[in-house]
Amino acid sequence: MTPFNFPIRYNAHCQNVCQVENHLAKLILDAGKLPIIANSHGCCHLRCHNISRSTTRNLKLIVEAEEALRQFIAGSVKMNILDKDLLETVWSNDWTRRGIIICIGVGVIISLRKVLQNRKLAKLRAEWNSAGKDVVVLHQFWRGKYCPNFSPYVLKVECFMRLAGIKYITDIKEPMGSRGLCPWITLNGEDIEDSQHIVDHLTKQFKVRLNDHLTPERKATLEAVRIMLEEQLFWILFMWRFYHTRCKTFWKTQIFPTWFLHYFFPTMLYSHSQKRGRAHGIARHTLAEQIKMTEKQFGILNELLGDGQYFGGDQPCSVDCIVFGFLAQGMWNDSDSHFETLIKVTHPKLAAYCIRMKERIYPDWKKLLNPPQE
Ligand SMILES: N[C@@H](CCC(=O)N[C@@H](CS)C(=O)NCC(=O)O)C(=O)O
């Protein structure tokens, strides 16, 4: 609590300072209006300046003080005296002073960071805009050791662009878009976020016909599969990677771009993933229940693929991109997981599908890995 310096100075002499203070304190408490703070003993924290020891003018002092106090209470004492005094009071408190200095420091650091970020972004934008007309800049996470990306959504967009023959370059400096999600793209100076919005936008812009051969029923079924994977399997994978295994497998498959991420990513993601999982609802299921859900989903994928080459039949369609994006995680990234077992052991057709997609879409797979392989 901030001690209050009563803004009136006394030249009077007083032997019993306490008596004066208590009297004033009582008056102030009676008034009940002033910003006076009671100390731990229940009386007022009041500081009277320049009171020295002498009994002679004790009474006069109290009378003067009372009068001053009444004027003060009635608002007849100029506010600037009070303001100045309050400021002095606030500043004279060590902790308040430290707090103010820290707040100013933090404010300066945040503003400086913002300025630097904006400068960096302006530079990057110039770089992205120089990619050329109709060349997509795919903003994505760093490449992985065994799979080009740990994000199913990044693989989805990249596969789609490769299948559709759309020119693109990648950027790993700014993986998160303004919505805080990866991937996002910049095309002809425009930013587009969310993998499905990206696919829809590119389909329209470049008149992509990957789904033209599908019947309306098949299209509808595949759309439902996409939603199943993106809205449920994603969260099961997310919880397994970052919560249930505490990033152990994930950590082994990545070369983090900064030492900070290298050391702190698992810790940061652990509690974060639990909170996010609970908000979504998936974390309210036990791991065993989540595994059962995965089994069901992989069973559905296996049934739908049947003896076909791709989910689109003889040709991959746009939903093949997201199915591959997810299956590739179990196939190459999440070793010793139920995802891996379900693909490689329970449904080997899905494993063969992954290899087929990889060979068709990523002839340069090994070169894309980090570090690149021969
Ligand atoms: N609906 C989005 C989902 C993308 C997404 O969840 N990306 C993850 C990485 S795989 C992400 O950026 N997560 C960051 C976060 O949720 O804070 C899409 O389809 O692009």
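**A chat about the ligand site and some backbone details**

Trainee: Before we start, what kind of model is this?
Mentor: This is a predicted model.

Trainee: Which residues surround the ligand?
Mentor: The ligand is surrounded by F141, S151, Y153, M176, G180, L181, C182, P183, D194, S195, F234 and R276.

Trainee: And how do the residues of that shell divide into nonpolar, polar and charged?
Mentor: Seven of them are nonpolar, three are polar and two are charged.

Trainee: What lies 2.5 Å from an oxygen atom of the ligand?
Mentor: That is a polar side-chain atom of S195. R276 also places a polar side-chain atom by a ligand oxygen, at 2.8 Å.

Trainee: How much of the ligand does the protein bury?
Mentor: Taken alone, the ligand exposes 510 Å², and the protein buries 81% of that.

Trainee: You mentioned the backbone of C182. What is the peptide bond from C182 to P183, cis or trans?
Mentor: That bond is cis, and its omega is near 10°. P183 is placed in the loop between β4 and β5, and both C182 and P183 belong to the set of residues around the ligand.

Trainee: Where does the peptide bond from N370 to P371 stand, cis or trans?
Mentor: The bond from N370 to P371 is cis as well, with omega near 0°. P371 is found in the segment after α14, a helix that covers 365-368.

Trainee: New topic. How many salt bridges are there in the whole structure?
Mentor: A search of the whole structure finds 13. One of them pairs E174 with K120, where the closest N and O atoms are 3.7 Å apart.

Trainee: Why does that pair tie together parts that are apart in sequence?
Mentor: E174 lies in the loop between β4 (168-171) and β5 (184-187), whereas K120 is in helix α4 (residues 94-129), so the pair links parts that are 54 residues apart in sequence. The loop that holds E174 is also the place of P183.

Trainee: Last one: what is the phi of D134, positive or negative?
Mentor: D134 has a positive phi of about 60°, although it is not a glycine.

Trainee: And where is D134 placed?
Mentor: D134 is in the loop between α4 and β3, the latter being the strand 136-139. Helix α4 is the one that contains K120.

Definitions and conventions:
Residues are numbered from 1 along each chain as its sequence is written. This is a predicted model: local features need pLDDT of at least 70, side-chain atom pairs count only at pLDDT 80 or more; totals for chains, interfaces and linings use all residues. Side-chain values use heavy atoms; hydrogens and water are left out. A residue is near a molecule or strand if one of its heavy atoms lies within 4 Å of it. A polar contact is a pair of N or O atoms within 3.5 Å; within protein, one must be able to donate a hydrogen and the other to accept it, and residues adjacent in sequence count only if both atoms are side-chain atoms. Accessible areas come from the Shrake-Rupley method with a 1.4 Å probe; for residues, only the protein chains shown count as cover. Ala, Val, Leu, Ile, Met, Phe, Trp, Tyr, Cys and Pro count as nonpolar, Asp, Glu, Lys and Arg as charged, and the others, Gly among them, as polar. A salt bridge is a side-chain nitrogen of Lys or Arg within 4 Å of a carboxyl oxygen of Asp or Glu. Helices (H or I, at least four residues) and strands (E, at least two) are DSSP runs, numbered from the N terminus.
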